[in-house]
Amino acid sequence: MHGLINSTIQRFARDAYGPALWEAAAEAAQLGFEEFEPMLSYDAEVTERILEALGEALALPREAVLEDIGTYLVSHQNSERVRRLLRFGGMSFVEFLHSLDELPDRARLAVDDLVLPRLELREHAADRFSLTVMTRMQGFGAVMLGVLRAMADDYGALVFLEYASGTQGVENIDIQIIETAFAAGRGFELGAPAG
Amino acid sequence: MNEIQPVKGPEAGLHTLEAILDRFCPMHLVLNESGHVIQAGPTLQKLRPGEELVGQRVLELFEVRRPHAITTMKALLTCAGTKLHLRFRGAPRTDLKGTLEPLPDGGAVVDLGFGISIIEAVRDYALVSSDFAATDLAMELLYLVEAKSAAMEASRKLNLRLQDAMIAAKEQAYTDGLTGLGNRRAMEHVLGRLLERGQPFALMQIDLDFFKAVNDTLGHAAGDHVLGEVARILTLQTREEDTIARIGGDEFVILFDGLTEEKALERTAQRIIDALEVPIPFGDELCRISASCGTVLSGEYKAPAAERMLEDADIALYASKNAGRAQHRFFRKEMRRDAAPSRVAEPARSGKQRRRSDQQL
């Protein structure tokens, strides 16, 4: 598993619940260290262990933890970079949805050994979509659910999302757009803030 | 951005062309024969808010940086097909790249773009994605710049941490864990450097006397305590620029950088021996040790070599030991002849080290 993914889990735990919880989870998962290196690689099994430990520490099911991580990625100030990179996907929430197909390629463009699950958007009507997540990382759909929920807020869109954690590596999210300009949303300027 | 309106009638062709240019090349200019702007793309117009581009002379609007010496519309028309480098004359003086195609009526179409200046441009002009043609790679470029700098930063942080770890590991590799002095590797490293520099120096080998007795009667904890005290004494009795290393269980080497005067070295050796002979308290006990020393000077050799100098210092040290311990000797050539053949045949220090390793290391 790419260190970026593991270090995201770590940053989520720290930023959302404090360093003590992270240290306890790292110990419970018997990591043998407290810092994931974003630019190194880890066994997939390590990721599973830390997710399980976090779930236990928070008394939350695995999928709920994953969804919270997705939301964290977009809405927490310490992950502003990720939000910005996602916002490059389009001017509106619908444009953003259409950019999801190429998200794994975009990620690879930035970090060439970061392999994200294949995403496929289907448009059933102007306000109805479904996103298929094809992955061996079970539960990645839940992460995407959190990402979509937070991105809808970011664009100021009102959406209804339904997640089906399917089997055999295919997960699905139904997306119904109720209103595209429901709230003001957060701003996005192409010019990156200095620093 | 202008929308393409369905236009009917004979003018449709012209209107459509204008709209197509606006959409496909949102930073274009159409010039007339006299070099005045008669049409400007919406993004280009956005770069000069409060200033109507249409009606201005293109060469008053822009400085042509390349090709050089373009000051007339006529000259500009000769640049068809070559890459133009333009710069706004007014602030912000953004650099633009472009290409020009003459029109049959004596005018021209110029298409402009940001090139590498795009990073500042999006900031300076608060551009949004709809300011770029859909096929323009500007968005991908901006995305990539941001994504790559994030990745680079993560890598840079990792590199810094690895560098710290490397320095710590190196320090550890050169440090004797018990005494904090240098170890054999550190001594060999410094010795190599001294030899390379070719400056005179002295090498003193010190072997503790009666140390084994401390270990045997009072235990290893006492032995370790004594070694710590020895390290402290050696550091106190030498200069900052000297290198002190523990190269074996109770063997030390001091490299005196630039100090080769025999009298001074003799005094230093005697001070060290005197200081080491002061009983060292350990709990309720007193540990009594002394030291035998042997010193060799780099100036004694035509081409001093590390191995040979260590060997000779060891021979001098054994001359001290054989003369009754607790004393210091300089190496003399005749000592080599007097030394037992077996000691000289085999590098003395490694033989000695092996002999002692089972006891004290």
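Arg161(B) and Glu37(A) join their side chains in a salt bridge, at 2.5 Å from N to O. The term covers a side-chain nitrogen of Lys or Arg within 4 Å of a carboxyl oxygen of Asp or Glu. Chain B and chain A share three salt bridges. This is a predicted model, in which local features need pLDDT of at least 70 and side-chain atom pairs count only at pLDDT 80 or more, while totals for chains, interfaces and linings use all residues. Residues are numbered from 1 along each chain as its sequence is written, chains are lettered from A in the order in which they are written, and side-chain values use heavy atoms, without hydrogens and water.

Now the whole interface. Contact (heavy atoms within 4.5 Å) links 22 residues of chain B with 17 residues of chain A. The buried area is about 2,000 Å², and carbon and sulfur atoms give 64% of it. Buried area is the accessible area (1.4 Å probe) that two parts lose on being put together, summed over both.

Next, a helix of chain A. Helix α7(A) spans residues 103-110; its buried residues are Leu103(A), Pro104(A), Arg106(A), Ala107(A) and Ala110(A). They cover an arc of only 160° around the axis, so they lie on the same side of α7(A). Buried means under 20% relative accessible area (1.4 Å probe, protein chains only). The arc is taken from the directions from the helix axis to the C-beta atoms. Helices (H or I, at least four residues) and strands (E, at least two) are DSSP runs, numbered from the N terminus. The buried residues of α7(A) pack against α5, α6, β1 and α8 of chain A, together with α6 of chain B.

Note on methods:
Buried < 20%, exposed > 50% of the residue type's maximum accessible area, 1.4 Å probe, protein only.
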